[in-house]
Amino acid sequence: APLSNTLPHIFAKHERQASSKSLRVALHVHGIAMDEQTERSFLKQPGVNLNVRKRVGKRTPGKQGVRWYKNIGLGFRTPRSASEGKYIDKKCPFTGNVSIRGRILSGIVHSTKMDKTIVVRRNYLHFVKKYQRYEKRHTNISAHLSPCFRANEGDTVIMGQCRPLSKTVRFNVIKVIPAGGLAKKAFASF
């Protein structure tokens, strides 16, 4: 017998959804929507008190609200989905504990099959001295994709270097430029 039949008074308002990684349960605890909790452990932003009473009047996200975000600098704006969203991502450059420093690279999205990680293909030319000609080469770079962005294959992304986030990830996506229907994985820029 399913749990919802044995405990109808507890599971009356709960909506179960199967996720690819874990079980998602839509709950309301102390007036906080918990449907963005996608992991087994409770996710929250460090330093943010979730038990604050809501103010009557305008909602102010950021320093005085229940969501913390920052400006990463370097001329890149914080997306509205990062400042007003409900996701929790500790590796996000706007809402997490990651600073962008070092190189700023751009490339074309090659694969989006991983969870919160994309593969970016960077094309370049290599000069062969013997023949006085160039040959085409490419390199693949894994980059963390924050939930505040939506990227598809063929989109151009700008990524900034950060501390190592995993074995292969050392870059974080800070801007996505949609392809506009041109999703070619070839050397289009040469």
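This is a predicted model: local features need pLDDT of at least 70, side-chain atom pairs count only at pLDDT 80 or more; totals for chains, interfaces and linings use all residues.

**Entry 1: aromatic pairs.** The search returned 2 aromatic pairs in the structure. For one of them, Phe94 and Phe149, I read 6.0 Å between the ring centres and 65 degrees between the planes, so I filed the pair as edge-to-face, the cut-off for that class being over 60 degrees. Next I checked where the two residues sit. Phe94 is in the loop between helix H2 (80-84) and strand E5 (104-111), while Phe149 is in the loop between E7 and strand E8 (156-161). The pair therefore ties together parts that are 55 residues apart in sequence.

**Entry 2: a charge over a ring.** I then asked which ring has Arg67 over its face. My note says Tyr87, with Arg67 at 4.7 Å from the ring centre.

**Entry 3: the overall layout.** I stepped back to the whole chain and counted 2 helices and 9 strands. Read from the N terminus, the order of elements is α-β-β-β-β-α-β-β-β-β-β. Of the 190 residues in the chain, 30% are buried.

**Entry 4: strand pairing.** I followed E8 to its partners. E5 and E8 run antiparallel and are joined by 5 bridges; within that pairing, I noted Ile108 with Thr156 of E8 as its bridge partner. On to strand E9 (residues 171-177), which pairs with E8 over 6 bridges, again in the antiparallel sense. Here Ile158 stands opposite Lys175 of E9.

In which sense do E7 and E9 pair? I wrote down parallel, over 2 bridges. His144 has Asn172 in E9 as its bridge partner. While I was at E9, I checked how covered the strand is: 5 of its 7 residues are buried, so I marked E9 as mostly covered.

**Entry 5: the salt bridge.** How many salt bridges does the count give? I got 1. Its partners are Glu135 and Arg137, whose side chains meet with 2.8 Å from N to O, inside the 4 Å cut-off. Glu135 has 31% relative accessibility and so counts as partly exposed. Arg137 is also partly exposed, because its relative accessible area is 34%.

**Entry 6: a nonpolar patch.** Last, I turned to the surface. Leu125, Phe127 and Tyr134 form a nonpolar patch there, and together they have about 320 Å² of accessible area. I placed Tyr134 in strand E7 (residues 133-144). Why did I list Tyr134 as exposed? Its relative accessibility is 58%, and the class begins over 50%.

Definitions and conventions. Residues are numbered from 1 along each chain as its sequence is written. Side-chain values use heavy atoms; hydrogens and water are left out. Patches are made of residues with over 30% relative accessible area and no salt bridge: like charges are joined within 9 Å, nonpolar side chains (Val, Leu, Ile, Met, Phe, Trp, Tyr) within 5 Å. Accessible areas come from the Shrake-Rupley method with a 1.4 Å probe; for residues, only the protein chains shown count as cover. Helices (H or I, at least four residues) and strands (E, at least two) are DSSP runs, numbered from the N terminus. Buried means under 20% relative accessible area, exposed over 50%, partly exposed in between (1.4 Å probe, protein chains only). Rings of Phe, Tyr and Trp (its six-membered ring) pair if their centres lie within 6.5 Å; planes under 30 degrees apart count as stacked, over 60 as edge-to-face and the rest as tilted. A charge sits over a ring if NZ of Lys or CZ of Arg is within 6 Å of the ring centre and within 35 degrees of the ring normal. Two strands pair if DSSP finds at least two bridges between them.
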